[in-house]
Amino acid sequence: MHSKTTTHASEATLSSEIYPRRSRLETIKEHIHHPMQCLDQRRDAVRGFSPAWFTASMSTGIVAVIIHNFPYDWTPLRFIAKAIAGLNLLLIVAFTVLFLWRL
């Protein structure tokens, strides 16, 4: 049994010589600069994407409808509403693609 303890200690010394111990802060800084390097596949990048993101699209659509139905007849409001509706369309397409990629 004593020989196993010595073997493990020598392995630990060997591994510390090969892989110098880095501080937790250095590891975090490296992952901040290269956040996707630990992913096995590109698909893992959207692993945390949830259906909750669709609420952003719903709220954008609500804002577009409210602005469009605003009681004052001011022409730029119609263009603003159409621009927000276009943004909403882009959001829903992007979120749908990300959600399907996640599956």
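Reader: What is the handedness of the crossing of α3 and α4?

Author: The crossing of α3 and α4 is left-handed. Please keep in mind that this is a predicted model.

Reader: What makes α3 roughly antiparallel to α4?

Author: The axes of α3 and helix α4, which covers residues 75-102, come within 8 Å and cross at roughly 165°. An angle over 145 degrees counts as roughly antiparallel, so α3 is roughly antiparallel to α4.

Reader: Which kinds of residues make up the contact of α3 with α4?

Author: The contact of α3 with α4 divides into 15 nonpolar residues, six polar ones and one charged.

Reader: Happy to take the overall layout next. How many helices and strands does the chain have?

Author: There are four helices and zero strands in the chain, and along the sequence the pattern reads α-α-α-α.

Reader: Where in the chain is confidence highest, and where is it lowest?

Author: Confidence is highest in α3, at a mean of 94, and lowest in helix α1 (residues 2-18), at a mean of 52. For the chain, the mean pLDDT is 77, with 59% of the residues reaching 70 or more. A friendly caution: where pLDDT is low, predicted coordinates should not be read in detail.

Reader: Good to know. Let's look at single residues. Why is Ser57 called buried?

Author: Ser57 is found in helix α3. Its relative accessibility is 5%, and buried means under 20%, so Ser57 counts as buried.

Reader: Which residues is Ser57 in contact with, leaving aside its neighbours within four places in sequence?

Author: With those neighbours left aside, Ser57 is in contact with Asn88, Leu91, Ile92 and Phe95. For one of these pairs, Ser57 and Asn88, the C-alpha atoms are separated by 5.6 Å, although the two residues are 31 residues apart along the chain.

Reader: And how do you know that Asn88 is buried?

Author: Asn88 has its place in helix α4. The relative accessible area of Asn88 is 17%, and the cut-off for buried is under 20%, so Asn88 is buried. Apart from neighbours within four places in sequence, Asn88 is in contact with Ser57, Thr60 and Gly61.

Reader: Thr60 has come up now. Why does Thr60 count as buried?

Author: Thr60 lies in helix α3, which spans residues 54-68. At 15% relative accessibility, Thr60 is under the 20% cut-off, so it counts as buried.

Reader: What does Thr60 touch, not counting residues up to four places away in sequence?

Author: On that count, Thr60 touches Ile84, Leu87, Asn88 and Leu91.

Reader: What makes Arg47 exposed?

Author: Arg47 lies in the loop between α2 (24-33) and α3. Exposed means over 50% relative accessible area, and Arg47 has 54%, so Arg47 counts as exposed. The C-alpha atoms of Arg47 and Leu98 are separated by 9.5 Å, while the two residues are 51 residues apart along the chain.

Reader: What share of the residues in the chain count as buried?

Author: Of the 103 residues of the chain, the share that count as buried is 13%.

Notes: Residues numbered from 1 in each chain as written. Predicted model: local features only at pLDDT ≥ 70, side-chain atom pairs only at ≥ 80, totals over all residues. Heavy atoms only, no water. Helix = DSSP H or I, 4+ residues; strand = E, 2+ residues; numbered from the N terminus. Buried < 20%, exposed > 50% of the residue type's maximum accessible area, 1.4 Å probe, protein only. Contact = heavy atoms within 4.5 Å. pLDDT = per-residue confidence, 0-100. Axes fitted to C-alpha atoms, helices over the stretch in contact; angles between N-to-C directions. Parallel < 35°, antiparallel > 145°, perpendicular 65-115°, else oblique. Left-handed = near helix turned anticlockwise from the far one by under 90°. Nonpolar A, V, L, I, M, F, W, Y, C, P; charged D, E, K, R; others polar.
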